[in-house]
Amino acid sequence: MQQLRRGERMTELLKQGQYSPLSMEEQVVVLYAGMNGFIDELPLADLGRYEKELLSFIKGRKPELLEGMRTTGALAGDAEASLKDALAEFGKQFATTKA
C-alpha cells in the first residue's frame, strides 16, 4: 500500500506546467523529496503547492545547492546532507490544507 501511495505522489510531482518546465536541479530536489519519504504524509491536493513553495524555499535559503547541482551535474556528499536538512526544515513549516 505504501508503495502505491508513494507512486501516486510521485506521479503528481512529475506534472509540470506546459510552458514552465523545471530545470534539472529543481527536478532533482522535487524527486529526491518524493523518493525519500518527505511527501508521504501530504495530501495529494497539496503537492503542487508543496513543490512551488519548496523550490522557493530552496532558492531563497540554499541557492548553493541548486548551483552546485547545475555546475557538477550531481548530488553527492555534503550537498545531499544539506538537501536532506533543507527538506526536513521546510517540512516543519509547510502547512497542509487539512491542518
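Trainee: Is the crossing of helix 2 and helix 4 left-handed or right-handed?

Mentor: A crossing is left-handed if the near helix is turned anticlockwise from the far one by less than a right angle, and right-handed if clockwise. Helix 2 and helix 4 cross in the right-handed sense. Helices here are DSSP runs of H or I with at least four residues, numbered from the N terminus. Note that this is a predicted model, in which local features need pLDDT of at least 70 and side-chain atom pairs count only at pLDDT 80 or more, while totals for chains, interfaces and linings use all residues. Residues are numbered from 1 along each chain as its sequence is written, and side-chain values use heavy atoms, with hydrogens and water left out.

Trainee: At roughly what angle do the axes of helix 2 and helix 4 cross?

Mentor: Axes are lines fitted to C-alpha atoms, for helices over the stretch in contact, and angles run from 0 to 180 degrees between N-to-C directions. For helix 2 (residues 24-35) and helix 4 (residues 63-72), the crossing is at roughly 120°, and the axes come within 9 Å. Angles under 35 degrees count as roughly parallel, over 145 as roughly antiparallel, 65 to 115 as roughly perpendicular and the rest as oblique. Helix 2 and helix 4 are therefore oblique to each other.

Trainee: Which residues of helix 2 and helix 4 meet?

Mentor: Contact means heavy atoms within 4.5 Å. From helix 2 come Met 24, Glu 25, Glu 26, Val 28 and Val 29, and they meet Leu 66, Met 69 and Arg 70 of helix 4. By class, this contact has five nonpolar, no polar and three charged residues. Ala, Val, Leu, Ile, Met, Phe, Trp, Tyr, Cys and Pro count as nonpolar, Asp, Glu, Lys and Arg as charged, and the others, Gly among them, as polar.

Trainee: At what angle do helix 2 and helix 5 pack?

Mentor: Helix 2 and helix 5 (residues 78-93) pack at about 70°, their axes 11 Å apart. They are therefore roughly perpendicular to each other, and the crossing is right-handed. Val 29, Tyr 32 and Ala 33 of helix 2 meet Glu 80, Leu 83, Lys 84 and Leu 87 of helix 5. That contact has five nonpolar, no polar and two charged residues.

Trainee: How do the axes of helix 2 and helix 3 cross?

Mentor: They come within 11 Å and cross at roughly 120°. Helix 2 and helix 3 are therefore oblique to each other, with a right-handed crossing. Glu 26, Val 29, Val 30 and Ala 33 of helix 2 make the contact with Tyr 50, Glu 51, Leu 54, Leu 55, Ile 58 and Lys 59 of helix 3. Seven of the contact residues are nonpolar, none polar and three charged.

Terms used: Helices (H or I, at least four residues) and strands (E, at least two) are DSSP runs, numbered from the N terminus.
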